[in-house]
Structures are given as C-alpha cells and as structure tokens.
Amino acid sequence: MLPLSKVLFSNLNKKMCKFIIMLVVNIKEGETIERAIKRYKRKCDQTQLIKNIKNIQYYLKPSKRKREEIYKAIYKYKLLEKIKDN
C-alpha cells in the first residue's frame with residue numbers, strides 16, 4: 001500500500017510552534033488513482049481539514065468572531081428573503 005498524498009502546512013506564526021497536518025490515503029490493490037483521490041477529498045471534508053487550517057492561520061478575537069458570525073447570519077437571511085420574493 002502506498003500513501004497517496006500528504007498535506008503539510010507549517011506557518012502559523014514564526015514565534016509560535018509549527019503545526020503539521022497530514023492525511024494519508026492508502027491505495028488498495030487494483031484501485032484507480034481517481035477513486036483514491038475521491039476518497040482523499042471525502043476524508044478532507046469529513047475531517048474539516050481546510051476549515052481548521054484557515055482558522056489557525058491568524059488569531060481572531062472572540063468579539064470579532066461573534067461579529068463575523070452575525071454578519072454571515074444577516075447575509076444569509078437577506079439571501080433567503082430575496083429568494084422568497086422571486
């Protein structure tokens with residue numbers, strides 16, 4: 001079995017410790033690369049890897065995080081209202 005891919009991210013902050021996030025998908029015998037890539041993408045979605053990487057790139061104060069969530073909720077509400085009107 002061969003590891004298909006390793007995702008490495010290590011640049012949180014130069015003064016802070018470095019993080020290494022790795023996902024490994026083993027290729028089964030007789031499996032195509034396309035199928036293995038599909039399993040890898042599904043694994044990324046299930047572990048929310050990309051979301052976690054984006055969250056640790058920089059520090060966000062709790063008050064700003066709440067404000068962003070409120071803005072997102074307002075935006076979604078306006079979109080739903082626009083769809084209902086049409």
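Analyst: What follows begins with the chain as a whole and then turns to the core and its surroundings.

This is a predicted model. The protein chain has 3 helices and 0 strands, and from the N terminus on its elements run α-α-α. It has 86 residues, of which 13% count as buried. The chain exposes about 8100 Å², and carbon and sulfur atoms supply 57% of that area. Among contacts between residues at least 6 apart in sequence, 33% join residues at least 24 apart.

Now the core. The largest nonpolar core is made of 6 residues: Leu23, Val25, Tyr40, Cys44, Leu49 and Ile53. Two elements, helix 1 (33-47) and helix 2 (49-55), each give two or more residues to this core. In soluble globular proteins, nonpolar side chains tend to be buried together.

Lys43 sits in helix 1. With sequence neighbours up to four places away left out, Lys43 touches Leu23, Val24 and Val25; of these, Leu23 and Val25 belong to the core. Lys43 and Val24 are 19 residues apart in sequence, yet their C-alpha atoms are 9.2 Å apart in space. A polar atom of the Lys43 side chain lies 2.8 Å from the backbone oxygen of Val24.

A charged pair comes next. The structure holds 1 salt bridge. In it the side chains of Glu31 and Arg39 meet, at 3.0 Å from N to O. Side chains of opposite charge can pair when their charged atoms come close. Glu31 counts as buried because its relative accessibility is 17%, and the cut-off for buried is under 20%.

Finally, there are nonpolar side chains on the surface. Ile70, Tyr71 and Ile74 form a nonpolar patch there, with about 320 Å² of accessible area together. Ile74 is placed in helix 3, which spans residues 62-85. Its relative accessibility is 40%, so Ile74 counts as partly exposed.

To put the part you asked about in brief: the core takes two or more residues from each of helix 1 and helix 2, and Lys43 of helix 1 touches Leu23, Val24 and Val25.

Key. Residues numbered from 1 in each chain as written. Predicted model: local features only at pLDDT ≥ 70, side-chain atom pairs only at ≥ 80, totals over all residues. Heavy atoms only, no water. Core = buried A, V, L, I, M, F, W, Y, C linked by side-chain atoms within 4.5 Å. Buried < 20%, exposed > 50% of the residue type's maximum accessible area, 1.4 Å probe, protein only. Helix = DSSP H or I, 4+ residues; strand = E, 2+ residues; numbered from the N terminus. Salt bridge = Lys/Arg side-chain N within 4 Å of Asp/Glu carboxyl O. Patch = residues over 30% accessible without salt bridge, like charges linked within 9 Å, V, L, I, M, F, W, Y side chains within 5 Å. Areas by Shrake-Rupley, 256 points an atom, 1.4 Å probe, with all protein chains shown as cover. Contact = heavy atoms within 4.5 Å. Polar contact = N/O pair within 3.5 Å; in protein donor to acceptor, adjacent residues only side chain to side chain.
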